[in-house]
Amino acid sequence: MKYPKMREVKEAVISLFSKPYTTKYPAGDFKPFPGFRGKPVVDEDNCVGCETCANVCPPNAITFEDDKEKGIRTITRDYGKCIFCGQCEEHCITGKGVKLSDEIYDMACFDRSAVVEKQERELIICESCGAIITTKDHMRFIHEKLGPLAYSSILNLNLLNERLRLAGDGDTSTEIKDGLKRKDTFSTLCPNCNRQIQIKNLA
Ligand code: SF4
Ligand code: SF4
């Protein structure tokens, strides 16, 4: 029979009289240690719906769905799948769109849908081929980053016009028929359609 070493006996006796290391939640307050990684919390004002966090989330807890008919992107965050790795926070393009919080034990629930959150963002769709370009908030974020350089893009000009109503009622869309022509340069186009017009202009 093996006998415990003196060191182990000493530790057992000390632990009988010392405070527990584990938290007594919910009987007592939960005090997170520095750098604790809890539930990611989205900042609606700083999340632009770019999808980057969905692409880096290891367990696919973040997914997105684009509805062309409604022109809406829905981002779904299922915290029941979250492993609290912090990748979404680390790779968020705005740096403030999502932050891990101290909240974790409060997430315990019987209904998994209670820990699923959804966000909606308006999409920009190519007026020629119907491809999804990105969200309006994402484009505005790029615009702010670029400053005056952003005005070299028709896409940004159209978006700005929509907000400031510099030209008419802000609706810059024109009907595109019989293929892309030079006049369509000022429509909201995806990079591929834009390139087609540029090539036609040069030809
Ligand atoms: S990366 Fe940031 S800005 Fe982009 S969708 Fe995720 S939280 Fe929002
Ligand atoms: S913390 Fe990790 S697992 Fe959780 S949503 Fe963010 S990237 Fe996904």
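A: Start with helix α4: its buried residues pack against β5, β6 (132-135) and α5 (154-164). Contact here means heavy atoms within 4.5 Å. Buried means under 20% relative accessible area, exposed over 50%, and partly exposed in between (1.4 Å probe, protein chains only). Helices (H or I, at least four residues) and strands (E, at least two) are DSSP runs, numbered from the N terminus.

Q: Where do these coordinates come from?
A: This is a predicted model: local features need pLDDT of at least 70, side-chain atom pairs count only at pLDDT 80 or more, and totals for chains, interfaces and linings use all residues. Residues are numbered from 1 along each chain as its sequence is written, chains are lettered from A and ligands numbered from 1 in the order written, and side-chain values use heavy atoms, leaving out hydrogens and water.

Q: Back to α4. Which of its residues are buried?
A: Lys-136, His-138, Met-139, Phe-141 and His-143.

Q: And what does His-143 touch, outside four places in sequence?
A: Ala-150, Tyr-151, Asn-156 and Leu-160. His-143 has a relative accessible area of 10%, so it counts as buried.

Q: Is Glu-144 buried or exposed?
A: Exposed, because its relative accessibility is 63%. Glu-144 also sits in α4, which covers residues 136-146.

Q: What follows α4?
A: Gly-147, with a positive phi near 65 degrees.

Q: Now the other side. What do the buried residues of α5 pack against?
A: β5, β6 and α4. The buried residues of α5 are Ile-154, Leu-155, Asn-156, Asn-158, Leu-159, Leu-160 and Asn-161.

Q: OK, on to the strand. What's Gln-119 doing in β5?
A: Gln-119 lies in β5, residues 116-125. It is buried, because its relative accessible area is 5%. Its side chain makes a polar contact with the side chain of Arg-77 at 2.8 Å. A polar contact is a pair of N or O atoms within 3.5 Å; within protein, one must be able to donate a hydrogen and the other to accept it, and residues adjacent in sequence count only if both atoms are side-chain atoms.

Q: What else is Gln-119 in contact with?
A: Leaving aside neighbours within four places in sequence, the partners include Val-42, Glu-44, Cys-47, Arg-73, Thr-74 and Ile-75.

Q: Cys-47 and Arg-77. Which ligand has them around it?
A: Ligand 1. A residue is near a molecule if one of its heavy atoms lies within 4 Å of it.

Q: How does that shell divide by class?
A: Seven nonpolar, three polar and two charged. Ala, Val, Leu, Ile, Met, Phe, Trp, Tyr, Cys and Pro count as nonpolar, Asp, Glu, Lys and Arg as charged, and the others, Gly among them, as polar.

Q: What about the shell around ligand 2?
A: Ten nonpolar, two polar and no charged residues. Among them are Cys-57, Cys-82, Cys-85 and Cys-88, along with Pro-40, Pro-58 and Pro-59.

Q: Where's the cis peptide bond?
A: Between Tyr-25 and Pro-26, with omega about 5 degrees. Pro-26 is in the loop between α1 (6-17) and β1 (40-42).

Q: Last one. What's the overall picture?
A: Six helices and six strands. The radius of gyration is 26 Å, well over the 17 Å that the globule rule gives for 203 residues, so the protein is more spread out than a compact globule. That radius is taken over C-alpha atoms, and the rule is 2.2 Å times the number of residues to the power 0.38. The C-alpha trace spans about 90 × 35 × 35 Å along its principal axes. Of the 203 residues, 33% count as buried.
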